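Dear colleague,

I am passing on the structure below, together with some notes on what came out of it. Please read them with the model open beside you.

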Amino acid sequence: MPRLRFLTAGESHGPLLTALLEGLPAGLRVDPARVDAELARRQHGYGRGGRMKIEKDSVRFTGGLRGGETLGGPVSLTIENRDHAVWTAVMDPIAVDPEAAARRRLSSPRPGHADLAGGLKYGRRDLRDVLERASARETAARVAAGAVCRELLRAVGVELASGVLSVGPVAAAEPQEGWTFAALARVDDASPFRAVDRSLEPAMVAAVDEAAKAGDTLGGTVLVAATGVPAGLGSHVSWDRKLDGRLGQAMLSIPSVKAVSIGSGLAVASLPGSRAHDPIEWTAGRGFSRPTNRAGGLEGGITNGEDVAVTLFVKPIATLRAGLPSVDLDTKEPHRAQYERSDVTAVPAAGVIGEAMLAFVLADALLEKTGGDSLAEVRRNLAAFLAAQEEL
Ligand code: EPS
């Protein structure tokens, strides 16, 4: 059973986004300013649409904290949707104005979005009922919850980062020795794309400008990594306890992420075994280590002490200005998919969301290993576990 769990609630143009995070130990300091800094990182990036000019995401904690410290109970938080102000008649949780709702009805689904599949599943003839929850706006709540998990990881010496590897056809080359946290050292959070290779940014900007002009959208890839991760999180013994599987599920749940590669996962599929794995070394003082990190810090579903490195493959946003070929729900005649204001690309944001999901998965695995109802107990148990590893 997972030790940590979280849920989010809220619609893109509803009044609020909410997250509820359960299972944290007591005594963890949480600074709302640090959570807001993560929310600002998610909003940043070249190619975002008009919504990011309206919102200035900020967290409000409503439970589980006292004086800036966790109490051990569920942590609840909210983020206001500023854009709700002009949507109240359409998106009020209790009473909507039928005429306003009809004007905003979505009846030609966008290929690639949840519109049609969600409408079929939930029996909704106004596809707005699907899109409002399927919108990537929901990820703001994930980033806030992930920022809290990140504080727990930081308290035990784990750091996380991400960077954009490619946007459309403009791509950084993967090092032969595999990705490590060090590859993210040059990422500048203030740059347009937060790219791993900053020299590619002008070409990325040009690619996005060109797509925007053509009414098109672009996907890309992002590297998400953690360093300082203790060996021994996750397990090899059962399929659902394997940490690579849990990471895959978490990452694939991010809107637009269509594939996940752990370490050099994609590249090693075409290499012989002699070049696909990471030799094991041992040195006094340091213990076990690897000269390469093709496994991305995971072997047999367990962390091996190397950096955890995951690449996310993000599809282009499904909302195109011209509208992709679709069908009108009422007439069943061909009809271009309806255009909703959107982004040309949100690849830089996907990295920040990936960090939040990685923080959640690692924090869960840490607590599963250490147990503990207070941060002091978590630390004590982790120290004992690490000391035992030195005796192996
Ligand atoms: C997003 C908010 C949305 C979009 C985007 C992500 O705002 P709006 O729909 O009001 O323009 O900018 O959503 C999508 C790309 C999507 O596919 O739903 C956000 O806060 O990240």
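In this predicted model, a nonpolar patch on the surface is formed by Ile280, Trp282, Phe288 and Leu392, which together have about 570 Å² of accessible area. Of these residues, Leu392 belongs to the segment after helix H12 (375–390), and because its relative accessibility is 84%, Leu392 counts as exposed.

The sheet I looked at is an open one of 5 strands, in the order E8-E7-E9-E15-E10, with antiparallel pairing. Strand E8 (170–171) and strand E10 (257–262) each have a single partner strand and stand at the edges, so one side of each is left without a neighbour in the sheet. Helix H8 (residues 201–213) packs on this sheet, where it touches strand E7 (159–167) and E8, and its direction makes about 60° with that of E7. Strand E9 (residues 220–227) pairs with strand E15 (residues 308–314) over 7 bridges, in the antiparallel sense, and within that stretch Gly220 stands opposite Val314 in E15. Helix H11 (residues 347–370) lies across E7, E9 and E15, and runs at about 35° to E9.

Two backbone angles may also interest you. Ser256, in the loop between helix H9 (243–252) and E10, has a positive phi of about 80° although it is not a glycine; with a relative accessible area of 22%, Ser256 is partly exposed. Lys332, in the loop between strand E16 (325–327) and strand E17 (334–336), is likewise a residue other than glycine with a positive phi, near 65°, and Lys332 counts as exposed because its relative accessibility is 58%.

Best regards

Technical notes. Residues are numbered from 1 along each chain as its sequence is written. This is a predicted model: local features need pLDDT of at least 70, side-chain atom pairs count only at pLDDT 80 or more; totals for chains, interfaces and linings use all residues. Side-chain values use heavy atoms; hydrogens and water are left out. Patches are made of residues with over 30% relative accessible area and no salt bridge: like charges are joined within 9 Å, nonpolar side chains (Val, Leu, Ile, Met, Phe, Trp, Tyr) within 5 Å. Accessible areas come from the Shrake-Rupley method with a 1.4 Å probe; for residues, only the protein chains shown count as cover. A salt bridge is a side-chain nitrogen of Lys or Arg within 4 Å of a carboxyl oxygen of Asp or Glu. Helices (H or I, at least four residues) and strands (E, at least two) are DSSP runs, numbered from the N terminus. Buried means under 20% relative accessible area, exposed over 50%, partly exposed in between (1.4 Å probe, protein chains only). Two strands pair if DSSP finds at least two bridges between them. Contact means heavy atoms within 4.5 Å. Axes are lines fitted to C-alpha atoms, for helices over the stretch in contact, and angles run from 0 to 180 degrees between N-to-C directions.
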